[in-house]
Each structure stands twice: as structure tokens, then as C-alpha cells.
Amino acid sequence: MVDAIQVMAAAVNNVATKKEENKISSSLEASLVSALEDVHIRYRNMASSDDEEDLVVVVIAATTTLIAVYYQYFLEKTICHDSILSGAAHVDEVLNGHDARCQDSFRMEKHVFLRLCDMLKEKELLRHSNGVRFEEKIAIFMLVVGHNERNRILQERFQHSGETISRHFNAVLDAIVALADDFLVPAGPDTPTKILENPRFYPYFKDCIGAIDGTQIPAMFQYVLAGWEGSAADSRILDSALTRCDRLIVPKGKFYLADAGFANMPQFITPYRGVRYHLKEFGGNRPKYAKELFNLRHASLRNAIERAIGILKRRFTILQLQPQYPFESQVKIVLACCILHNHIRRECINDLIFDDENLQNLLETDPRMQQDSEFPTLGRNRQREVASELRTSIADAMWNDYQRRRRG
């Protein structure tokens, strides 16, 4: 019995330390601290007593105090969330209302939202729980990533506790990340349709299968490597992507288009430095020589990336600010947003956000200002020579055809 009281006394010392450090986070903890401190004082006053009955009284007092506190906070608690409109009713109202409401609230059209629900259900990644349907769980998640809503606001809207909101957000986050293999599909050897059907790009970019910064030419994310610091050099991130176990694979003889922050390599063709590049820099004027024409068309293809990233940040505003989540969760959030982007592009061809013409050139960087931070080696120097020859052959062929058409 004395041992039991000593354990209780140790618990008091622990919470008392938290109290001194201002780490008591709730009225429940504060009440427990106060109650146990009172018991501890009684124990110290009777510690020198040899009377077994005195010790029994202390144990009974401690047990009674803890039961009383538990009853007050868990059995006789006052209901805080007592709105007539429950979270489930709110979700039903949005899904049964005008499609624009779902687009605004859940960042996708109704049929796309319901397809996401069905997919997570079919794969058994998410299920109903006591009092919360999976549609409501996904709605909670979409309001967080789509509007950066805080937990306290969501408690009022869905009439759940903060712990419930947080638990369901993390459950949906893990479920969506589990879809990565289905939605982040590496590029195949086929030439994208946008290149194949456009004489400005074909046959010059016939071996191009995508563009680096994370998206394919049709603005679908193929590979996402999240978790690097914002100050990390592009070349370091690319090296990591090419050497890790879940690495980015470039089919033999194919290449991606990359911006000037990367080294010009056979698998990653960059624009010419010190030459006009961005579409707005030409201002409607014709290119004057081969390098300018190459950069102009290179920029036209890579513009899909600028649009995709701009759309991603506009649709999921949580990406515009540093979220108040653990680092591991932040990495998952980036991955989940890219997966959702691809899901929406698959299910909804006429996406209102994607079709917004105001999203042109949202993330432009000037290639003349980029510095390649990669330290060259002999092998990489040879690779750069091969890439330079490939780029020159494309630029020359492009320029010769361009001149011939102008003369004809």
C-alpha cells in the first residue's frame, strides 16, 4: 500500500513540474494536479505514522478524488457542440446543393468528390466510424488543405472535438498518400500528344516525355520528391531523385525538359543561358536566331509546369503558407495534394481552376539568373557535351525548318 502511495506521489511530482513550467494544457489536467497535490500533502503528513488505518484513509481519499474528477469531465460534462446543423448534415447540404458550392468548399466538383469517396472505400483505405461517415472525413480534410482551415473552426462547423477532427484528418491523409502508386505514374516511352500533334514541337521534341519541376506535359504529376529545404540546390534534389530507392526513372533515349537551375544532361535538356526565354520576354517579336527559337518553344512546353504548380497552390491554399503540422505530415500533405490534383485532372477534363487563363506564367524564373551549383566531374562533363550536341541539333533543325517556312 505504501508503494502504491509512493507511485501516486511520483505522479504528483511529475505534474507539479509541468505546472511550474506552464505546460498544463487543460482544465482537466489542472484539476488532477490540484487533487493529487492535496493527496500528496496528506501523505507527507502521515508518512511517519505507523498506523495502517491512516494510510488506508489516504489511499481511499486519492481514489475518491480521481473518480470524482473523471466523472466531472467525462460522464457529467456539458455538451459544447450543440448546433442543429451537424457535420454530416453540412456535407449533405453541400453535395445536394449547387455544384459551385462543392467546387468552392471541397475544391472539386461533386462527381469527382464522390468518385474519391468510392475509391477510398473500394480499396478499404477509409471506412465509416462511430458517428462519422467517410464523406464527412474527406470533407474535413479538403477544408484543411483547400482553405487552410484551423482545427477550432472545423470543430464548430462539424460539431466534433478537436481530437476527432485531428484524428480523421490524419486518417484521410494516410489514405490518400496510399494512392500514390495509382496516381503518380512514371512516364512511358510514348511521346505526349501535345508534342505529337503540334508541328512546332514535333519531330524536334519527339523524345521528350515530360518536364522537370514535377509534371508531365499534360500537367499531371508523375513523380514527387517532397521534404527538401527550400534553400536546397536543384541539382542536389535531382541527384537524390535519381539515386534513392524510389528513384525517378528516365527511359533510355528519352529526356525531360528542365529549367536552367539544372545541369544540361542527356536526360534533362535545359534552355540556353543568357538568351531570351520566357514568353513575355519576346513580346510578340519573332526569334532572331536558333537559340532564341529553341528557348521559345522550350518555354512553351514547360509553361504547363508553371500552370500546374500555380493551379496546385491556388486549389490547395495550405501550400501557400507554412502549415502548423509536424514535418512528416507536411511531406505527406504535399504528396496528397499532388495525388488529388491528378485525380481531378483524370475525372474532370473541364476543370474551372485549370482552365483559368489568369494562371499563365505564375512561377517564372529567369534562366539567366540561375546558377548551376553542381560540381562537374569528368563523367558529367562528357554527359554535358552529349546533351549540348543534342540540344544544338534540335535547335538547328528547328531553325532551318522555321526559316524555310518563312521563305516559302
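Predicted model: local features only at pLDDT ≥ 70, side-chain atom pairs only at ≥ 80, totals over all residues.
1. Helix α5 covers residues 99-106, and helix α7 covers residues 134-147. Their axes lie 8 Å apart and meet at an angle of about 65°. Angles of 65 to 115 degrees count as roughly perpendicular, so α5 is roughly perpendicular to α7.

2. Which residues make the contact? From α5 come Asp104, Ser105 and Phe106. From α7 come Ala139, Met142, Leu143 and His147. By type, the residues of this contact divide into 4 nonpolar, 2 polar and 1 charged.

3. Next, check the length of α7. The helix has 14 residues. At 1.5 Å a residue, α7 should span 20 Å. The C-alpha atoms at its ends are 19 Å apart, which agrees with that expectation.

4. Is α7 mostly covered or mostly open? It is mostly covered: 13 of the 14 residues in α7 are buried.

5. Look also at what follows α7. Asn148 comes just after the helix and takes a positive phi of about 55°.

6. Now move to another helix, α14, which covers residues 290-315. Ser300 is found there. Why does Ser300 count as buried? Its relative accessible area is 14%, and buried means under 20%.

Note on methods
Residues numbered from 1 in each chain as written. Heavy atoms only, no water. Helix = DSSP H or I, 4+ residues; strand = E, 2+ residues; numbered from the N terminus. Buried < 20%, exposed > 50% of the residue type's maximum accessible area, 1.4 Å probe, protein only. Expected span 1.5 Å × (residues − 1). Axes fitted to C-alpha atoms, helices over the stretch in contact; angles between N-to-C directions. Parallel < 35°, antiparallel > 145°, perpendicular 65-115°, else oblique. Contact = heavy atoms within 4.5 Å. Nonpolar A, V, L, I, M, F, W, Y, C, P; charged D, E, K, R; others polar.
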